[in-house]
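Thanks for coming. I will go through one structure today, starting with its domains and ending with a few backbone details.

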Amino acid sequence: MCGIVGYVGKREASEVLLEGLRRLEYRGYDSAGVSILNGSGLQLRKAVGKLANLEKELRDAPIHGSVGIGHTRWATHGAPSVRNSHPHQSYDGHLSLIHNGIIENYRELKHELQAAGVKFESDTDTEVVAHLVARAYRGDLLKAVAEVLPRLRGAYALALLHQNEPGRVIATRVASPLVLGVGEGENFIASDVPALLKYTRRVIFPEEGQIAEVTRDGVRVFTPDLKPAAAAVQTTELTLDAAEKEGFEHFMLKEIHEQPRAIAETLRGRLNEGAIDLSETGLTAETLKTVRRVAIVACGTSLYASMVGKYLFERFTRLPTETWSASEFRYANPVVDRHTLVISVSQSGETADTLEAVKLAKAAGAATLSVCNVMGSSIPRLSGATLYTRAGPEIGVASTKAYVTQLTAFVLLAVGTGRMLGTATREDETRLVNGLMRVPGQVRALLDKDIVAVKRCARRYKDVFNFMYIGRHYNYPTALEGALKLKEISYIHAEGYAGGEMKHGPLALVEGTFPTIAIAPRGATREKLLSNVQEIRARQGVVVLVATEGDTEAAELADYLIEIPDCAEELSPILAVVPLQLLAYYTATQLGRDVDKPRNLAKSVTVE
Ligand code: M6R
């Protein structure tokens, strides 16, 4: 949540900052602002709402200068307003600061500063840092920042400019993402790599607590006590093309269409002559010998992928496996010890609750493995091992391609681990490896074929107030994910339920026009789910049925039929979710919603 950028070089800083903020707008769009240092001192422009408003401000009143910082905000402390927008300034007006994260002890720091006579201009937690650094400043911004950091509790990526030090940006991070971009005669900071790609692919990921000094001539990284630290420059594989819409109306639609490639990439090099190869994770029969149970932690869509992961793990490894919402795990005093394997799942690798859950697991001596999409992000850096999902940059707030690649990764992990433990058979492995290799093509066929049926359905039901999604076993999480997609981007209320639970309450909602999306592909629970569909129809409910191609019985029960290709039931969640993503997308676009930037949300939830 919140995106930060910084620039020191030879170009117009305003252009570089706006380009970076455009790439980071997925992180928050409540307001945006820049601070640029030039011969007249620190110049500020801020605007509430989307970045376009700040662009207009800068068109109307341009600022020239080649050093600056910029911010796009997802509001936590203080409503979206100009006074709460970043950059914030110190009481003496000499320093500008941007922040992503939350300063948890800001109240006590604020009281202390107020008692010393400092006047606050905003309701944010961030402003205390600007004032503290200004009070510590004795001619060296780097030293002042280092002096203040031990006083801050919480999560932060910060960047600061001081009017007495033109040509120098100081940045630091604790539990929030920060990347430094290395150019020729110009250098950059950002919350995420896409913000830098127009200018450089050479990047440094500073460690927790490190402080960076960014000037035109170079980037230097220091330990918290200002000793020089080694900073490895890496070349990112991401390209600007991957971060563009490429002719699609929205990133979400582009990302839905990228799923065949994303799944194929996730499989690349991990299937070896019909066997699953997990060597990159470091998991071996030897290391697995001590594991007695598995706990999977994640949030949102990644949590639903984890629920499928639980079913797969228990089926193929026979290890007791729990799934935890990371925000619950942290405060539930979970039973975790050195015999537990904690798997964290995160597209961004920066979700605050998931990151903290991994820290907790490590502290308890558990083995940690992450399933993550963003190379070099905080969660994989903290985890003992990582299986990257290789979906490519996901920009739309609604997660799509990351989800199907997480499901793919779980099939690899569960069956591969089961093979090492001797609990999964060679036949299972062969069956699923063959099935997995067909999935990219099947998803492509589904995308080509189902769009017409789904669009029709979206047109018909876009004005209803409530939707129900039901599924069983592997596709119960599909129901949850389908409902989340719809509510998140269309703002229609939707609930996901296990089909067997309908009689225990939700059936009372069903009447004439109430639509239920039932997910009933071929598999052990199909018949049971079709019975649930009968019960809904008997009460005049409308049923949109997702079923396997050629299932004539299902076809007879459906008001709307959406067919998916035949596949192993363990793989059916990968295929069944695709029409549900499209249904959410077309419903939202027909309602005129801002699909890629739904209200109140941000892509990366880096605050608790
Ligand atoms: O980056 P993560 O996978 O850790 O993010 C977790 C959730 O915030 C995320 O899946 C969220 O629920 C999406 N907006 C759902 O589409």
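The domain assignment divides this protein into domain 1 (3-243), domain 2 (251-447) and domain 3 (452-590). Those bounds come from an automatic or database domain assignment. Taken over C-alpha atoms, the centres of domain 1 and domain 3 are 45 Å apart.

Some ground rules. This is a predicted model, in which local features need pLDDT of at least 70 and side-chain atom pairs count only at pLDDT 80 or more, while totals for chains, interfaces and linings use all residues. Residues are numbered from 1 along each chain as its sequence is written, and side-chain values use heavy atoms, with hydrogens and water left out.

Now the pockets. A pocket here is found on a 1 Å grid over the protein atoms alone, as an open set of points where a 1.4 Å probe fits, with protein on both sides within 12 Å along at least five of seven lines; lining residues have an atom within 4 Å of a point. The volume is the space filled by probe spheres set on the points, which are joined across faces, edges and corners.

The largest pocket has a volume of about 1000 Å³. It is lined by 46 residues, and the closest to its centre are Leu238, Asn373, Met375, Gly392 and Pro393. Where does the largest pocket lie? Both domain 1 and domain 2 give residues to its lining, so it lies between them. Helix H7 (259-267) gives the most to this lining, with 3 residues. Helices (H or I, at least four residues) and strands (E, at least two) are DSSP runs, numbered from the N terminus. By class, the lining has 17 nonpolar, 12 polar and 17 charged residues. For those classes, Ala, Val, Leu, Ile, Met, Phe, Trp, Tyr, Cys and Pro count as nonpolar, Asp, Glu, Lys and Arg as charged, and the others, Gly among them, as polar.

The second largest pocket holds about 640 Å³. Of its 31 lining residues, Cys299, Gly300, Thr301, Lys603 and Val605 are the closest to its centre. Domain 2 and domain 3 both contribute to the lining of the second largest pocket, so it lies between them. Helix H9 (300-317) provides the largest share, 5 residues. This lining divides into 13 nonpolar, 13 polar and 5 charged residues.

Next, helix H16. It covers residues 526-537 and reaches 16 Å from its first C-alpha to its last, close to the 16 Å expected at 1.5 Å a residue. That expected span is 1.5 Å times one less than the number of residues. Its buried residues include Leu529, Leu530, Val533 and Ile536, where buried means under 20% relative accessible area, exposed over 50%, and partly exposed in between (1.4 Å probe, protein chains only). The buried residues of H16 pack against strands S22 (466-471), S24 (515-520) and S25 (542-548) and helix H17 (552-557).

Histidine 473 sits in the loop between S22 and helix H15 (476-490). Its phi is near 45°, a positive value in a residue other than glycine. Histidine 473 counts as partly exposed because its relative accessibility is 31%. Neighbours within four places in sequence aside, histidine 473 is in contact (heavy atoms within 4.5 Å) with Tyr311 and Thr525.

Alanine 175 has a positive phi of about 60° although it is not a glycine, and at 6% relative accessibility it counts as buried. Finally, the peptide bond from histidine 86 to proline 87 is cis, with omega near -5°.
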